[in-house]
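These are my notebook entries on one structure, written while I looked things up step by step. I began with the whole protein and then turned to a single pair of elements.

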Amino acid sequence: MDTKEAIKTQFMKEYMGKDFSQITVKGLCGSTPVARTTFYSYFENTSDVLEAVEDDLVKGLAEVPVKVCGGNLKEMDFHVFLEELEKYIKENWTYIYAFLVTQPDLKFMRKWKDAIKSNFSKKYPDISGKGRFEVVAEIAASSVLSAYTYWMEHPDEMGLREFEPLITKLLDDLVHSI
């Protein structure tokens, strides 16, 4: 693992255990361990580290539809997409859980919702310019994010297999409301 990744990993260890406002550059440097000058060659402050981790996760989320269908969301098999998304979330469970449940990160949630809305536009290009599309996309993104948050809070109660028909119905109903 390179130094930049080591700093991000240590940051997330601390993020999961204490309030963001308590995470300091000095503390990160001491526990990573790296010199402060090294830290500053990669990041300006702890907010910058947080944003880098957010961006890495959202980039990974955005790569899932590309992996599944080469980015052609209109023709994408939604079941395969959800399976791959589930796999990505499970691989990054600790960090995503931290941002959705442990210490909710509104910037991360907004970035993920924006990625969902972008995919929604690509999945339904014929209606993406219509009047209520933006609000429908926002409702869809918020609902999907809420479903994943619920799943992460209750992983033993309900699996993603049970969510798939609910999400599919929700998206179909929203699309038909435009």
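How much accessible surface does the protein have, and what percentage of that surface belongs to carbon and sulfur atoms? I noted first that I was looking at a predicted model, and then I read off an accessible surface of about 9,400 Å², with 53% of it belonging to carbon and sulfur atoms.

Next I looked up burial, and I found that 42% of the 178 residues in the protein are buried. For the extent of the C-alpha trace I wrote down about 55 × 35 × 25 Å along the principal axes of the protein.

I then went through the secondary structure, which comes to nine helices and zero strands, so that entry on the order of elements reads α-α-α-α-α-α-α-α-α from the N terminus on. I also checked contacts between residues at least 6 apart in sequence, and 63% of these join residues at least 24 apart.

My last entry concerns helix α8, residues 133-153, and helix α9, residues 160-176, whose axes come within 10 Å and cross at roughly 170 degrees. Angles over 145 degrees count as roughly antiparallel, and α8 and α9 are therefore roughly antiparallel to each other. Where they meet, I listed residues of α8 including Val136, Ile139, Ser143, Tyr148 and Trp151, and residues of α9 including Leu160, Phe163, Ile167 and Leu174. Sorting this contact by class, I recorded 14 nonpolar residues, one polar residue and no charged residues.

Conventions. Residues are numbered from 1 along each chain as its sequence is written. This is a predicted model: local features need pLDDT of at least 70, side-chain atom pairs count only at pLDDT 80 or more; totals for chains, interfaces and linings use all residues. Side-chain values use heavy atoms; hydrogens and water are left out. Axes are lines fitted to C-alpha atoms, for helices over the stretch in contact, and angles run from 0 to 180 degrees between N-to-C directions. Helices (H or I, at least four residues) and strands (E, at least two) are DSSP runs, numbered from the N terminus. Angles under 35 degrees count as roughly parallel, over 145 as roughly antiparallel, 65 to 115 as roughly perpendicular and the rest as oblique. Contact means heavy atoms within 4.5 Å. Ala, Val, Leu, Ile, Met, Phe, Trp, Tyr, Cys and Pro count as nonpolar, Asp, Glu, Lys and Arg as charged, and the others, Gly among them, as polar. Buried means under 20% relative accessible area, exposed over 50%, partly exposed in between (1.4 Å probe, protein chains only). Accessible areas come from the Shrake-Rupley method with a 1.4 Å probe; for residues, only the protein chains shown count as cover.
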